[in-house]
Amino acid sequence: MDDRVKSCCAGFYELPVVALLLGDELHPGGAALTRKLAAATLVGRDTRVLDVACGRGESARVLATHFACRVVGIDYSEKNVGLANELTEDAGLSDRVHFVQGDAEQLPFDAGSFDVVICECSLCIFPQLSTALGEFQRVLRAGGRAGISDVVLNEEVPESLQDLLGRALCISGALSVDGYRNALGAAGFLAIRTRDVSGVLSDMIARIERRVSTVKHFLSEEQLGLPDGFSVPRSRIAEARDFVASGGVGYALITAKKSRTD
Ligand SMILES: C[S@@+](CC[C@H](N)C(=O)[O-])C[C@H]1O[C@@H](n2cnc3c(N)ncnc32)[C@H](O)[C@@H]1O
């Protein structure tokens, strides 16, 4: 079942229609929020950063460009990893940034390989979140930092959003702020800080809705090509928008540290 969730979520972010609707920004807040996350985790020149669930690698390229750090990205989607490497070569950043296919719950890296692990809008997608956080701990060096941005649940998710699309949209698997704090604490992280940045969520949904209303003039729902289990997007996006507007869901930046002693 877990493998099905992972493949479905990764497959969702490979869809041309998702690229059409989201563009480069696969997480709320886009590059501006990625830079804030990097500043909050003290990324600088030559910092070794791991971007878990990196999508097509936009954040990794933004970080390498703005902070001169080195970034490895990992994503479950073979297709998006291939695209990420191509886009990075086109951008002339291959000496600092590269991508590998893999699973957040089984990171193919040695213990202590990274100074910073970031994970944007993806932690809530992983079926075994505690396993993934244990992996973040393992691959961080002593005293290393984790930077997470993710959907925060303030209320129970409506039944209509508790399906695979809800999970792929990072809603159905999301936790409360205390839920994230407890999960990070249980994985051994210290100095856990959270910052509410919920405004970025409504901005992203408004942008998607604008794009949907343009796209619908050119493509029928069948032509959008959504696979089984994802149903029609327009009404579902409106449901997600209402849930955000009612305050049922928000977005947060979360930072934490690994202990200085192993
Ligand atoms: C919402 S997108 C976020 C992408 C990227 N972090 C960003 O913000 O641009 C979620 C990503 O999680 C990836 N993903 C889902 N399950 C995963 C897993 N178990 N391990 C690694 N990546 C996974 C998907 O393939 C997708 O690229």
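This note goes through the predicted model point by point, from the overall make-up to single residues.

1. Basis. The model is predicted, so local features need pLDDT of at least 70 and side-chain atom pairs count only at pLDDT 80 or more, while totals for chains, interfaces and linings use all residues. Residues are numbered from 1 along each chain as its sequence is written, and side-chain values use heavy atoms, with hydrogens and water left out.

2. Overall make-up. The protein chain contains 11 helices and seven strands; these are DSSP runs numbered from the N terminus, helices being H or I of at least four residues and strands E of at least two. Of its 262 residues, 52% count as buried (buried is under 20% relative accessible area, exposed over 50%, partly exposed in between, with a 1.4 Å probe and protein chains only). Among contacts between residues at least 6 apart in sequence, 80% join residues at least 24 apart, a contact being heavy atoms within 4.5 Å.

3. The sheet. Seven strands form an open sheet with mixed pairing, in the order E3-E2-E1-E4-E5-E7-E6. From one strand to the next the twist averages 20°. Two strands are taken to pair if DSSP finds at least two bridges between them.

4. The E3 end. E2 (residues 70-75) and E3 pair in the parallel sense over five bridges. Ile 74 has Val 100 in E3 as its bridge partner. Across E2 and E3 lies helix H5 (residues 78-90), which runs at about 165° to E3. Such axes are lines fitted to C-alpha atoms, for helices over the stretch in contact, and the angles run from 0 to 180 degrees between N-to-C directions.

5. E5 and E7 pair in the antiparallel sense over nine bridges, and Gly 147 stands opposite Thr 255 in E7. E6 and E7 are also paired in the antiparallel sense, over five bridges; here Arg 195 has Leu 253 in E7 as its bridge partner.

6. Helix H6. H6 (residues 129-139) lies across E1 (48-52), E4 (114-120) and E5 (140-153). The helix runs at about 150° to E5.

7. Helix H4. This helix is mostly covered, with seven of its 10 residues buried. The buried residues are Ser 59, Ala 60, Arg 61, Val 62, Leu 63, Ala 64 and Phe 67. Their cover includes helix H3 (30-40), E1, E2, H5, E3 and E4. After H4 comes Ala 68, with a positive phi near 55°.

8. The largest pocket. Its volume is about 490 Å³. A pocket here is an open set of points on a 1 Å grid over the protein atoms alone, where a 1.4 Å probe fits, with protein on both sides within 12 Å along at least five of seven lines; lining residues have an atom within 4 Å of a point. Grid points are joined across faces, edges and corners, and the volume is the space filled by probe spheres set on the points. Of the 30 lining residues, the closest to the centre are Ala 53, Cys 54, Gly 55, Asp 75 and Ser 122. Helix H1 (2-12), E1, helix H4 (58-67), E2 and H5 each give two or more residues to the lining. By class the lining has 14 nonpolar, seven polar and nine charged residues (Ala, Val, Leu, Ile, Met, Phe, Trp, Tyr, Cys and Pro count as nonpolar, Asp, Glu, Lys and Arg as charged, and the others, Gly among them, as polar).

9. Backbone points to check. Most residues other than glycine have a negative phi. Ala 53 is not a glycine, yet its phi is positive, about 65°. Ala 53 sits in the loop between E1 and H4 and is partly exposed, with a relative accessible area of 21%. Asp 46, also not a glycine, has a positive phi of about 65°. Asp 46 lies in the loop between H3 and E1 and counts as partly exposed at 37% relative accessibility.

10. Asp 2 is found in H1 and is partly exposed, with a relative accessible area of 28%. Leaving aside neighbours within four places in sequence, Asp 2 is in contact with Pro 127 and Gln 128. The C-alpha atoms of Asp 2 and Phe 126 are separated by 8.5 Å, and the two residues are 124 apart along the chain.
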